[in-house]
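Student: I'm new to this one and would like a slow, close look at a single part. Please pick a spot and show me what sits around it.

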Amino acid sequence: RWLHYHYSKMFGPGTYNRLRQKMVAKHLASGENAQVSFKDLAGIIAGYLDEQPFQNNNAVALTGHTRGVYSVCALDDGLLASSSNDKTIRIWDLSKGGECVQKLTGHTNWIRSICSFGDGRLVSGSDDKTIRIWNLSQGTVEKLTGHTGYVYSVCALGDGRTLASGSYDNTIRIWDLSKRGKCVQTLTGPTGSVYSVCALGD
């Protein structure tokens, strides 16, 4: 009952039962007893509930954030960026065994989303209602304001100068970085929070 309630609250109604049926089918196919234990189900969702560490001999754990990690983004030259609700972005060098080589601060609330333009610029969206453009090579940062709610998602578009963002304020905004980060379009179709945006590439 505890798993049914909490898993349904976190990931939608019916999720628990679908997982349970999947486990039963797996046990039947292998000739095992179809009884599914609490331990079986806990094992499936351990990654979400953090009840036990993820174990994989091919995985490398990067530690440094002091709170939950919301987003990760691959950068050039073997670098990786991550954002957290500890209000920081960290840059990791995978060629150095995952060493944290840079820590970016400035946001005043959780950082929900990060993306890269692929040219040394990293974009972040935060619960402080701002978007920041970090130029990692030059060490500069630009702040974009306009959203009236948490910024849940950011996406760099293919032209190298345009950015899209989705927010709790039910809007998607398009920003032109060649015009000093001016918001050039506000899309108001959604009737609820915009949790994710992406580009189709055309």
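Tutor: Let's start with the side chain of Thr-130, which makes a polar contact of 2.6 Å with the side chain of Asp-128. A polar contact is a pair of N or O atoms within 3.5 Å; within protein, one must be able to donate a hydrogen and the other to accept it, and residues adjacent in sequence count only if both atoms are side-chain atoms. Keep in mind that this is a predicted model: local features need pLDDT of at least 70, side-chain atom pairs count only at pLDDT 80 or more, and totals for chains, interfaces and linings use all residues. Residues are numbered from 1 along each chain as its sequence is written, and side-chain values use heavy atoms, with hydrogens and water left out.

Back to our residue. The side chain of Thr-130 also has a polar contact with that of His-107, at 3.4 Å. With a relative accessibility of 8%, Thr-130 counts as buried (buried is under 20% relative accessible area, exposed is over 50%, and partly exposed lies in between, using a 1.4 Å probe and protein chains only). Skip its neighbours within four places in sequence, and Thr-130 touches His-107, Ser-124, Gly-125, Lys-143, Leu-144, Thr-145 and Val-151; contact here means heavy atoms within 4.5 Å.

Thr-130 sits in strand E7. Strands (E, at least two residues) and helices (H or I, at least four) are DSSP runs, numbered from the N terminus. E7 covers residues 130-135 and pairs with strand E6, residues 121-126, in the antiparallel sense over five bridges; two strands pair if DSSP finds at least two bridges between them. As for what holds such partners together, strands of a sheet pair through backbone hydrogen bonds, either parallel or antiparallel.

E6 and E7 belong to an open sheet of four strands, ordered E5-E6-E7-E8 with antiparallel pairing. Its edges are strand E5 (111-116) and strand E8 (140-145), each pairing on one side only. On average, neighbouring strands in this sheet are turned by 20 degrees against each other, direction ignored. Axes are lines fitted to C-alpha atoms, for helices over the stretch in contact, and angles run from 0 to 180 degrees between N-to-C directions.

Next, look at Arg-121, which is found in strand E6. Arg-121 counts as buried too, at 18% relative accessibility. Arg-121 lies over the face of Phe-117, 4.3 Å from the ring centre; a charge sits over a ring if NZ of Lys or CZ of Arg is within 6 Å of the ring centre and within 35 degrees of the ring normal. The side chain of Arg-121 also reaches the backbone oxygen of Gly-160, at 2.5 Å. Leaving aside neighbours within four places in sequence, its contacts include Cys-115, Ile-133, Trp-134 and Leu-177.

Trp-110 is in the loop between strand E4 (99-105) and E5, and it counts as partly exposed at 25% relative accessibility. Beyond four places in sequence, Trp-110 is in contact with Arg-67, Tyr-70, Ser-84, Asn-85, Lys-87, Gly-125, Ser-126 and Asp-127. Gly-125 is also among the contacts of Thr-130.

Tyr-150 is partly exposed, with a relative accessible area of 33%. Ring pairs link Tyr-150, Tyr-152, Tyr-168 and Tyr-195 into a cluster; rings of Phe, Tyr and Trp (its six-membered ring) pair if their centres lie within 6.5 Å, and planes under 30 degrees apart count as stacked, over 60 as edge-to-face and the rest as tilted.
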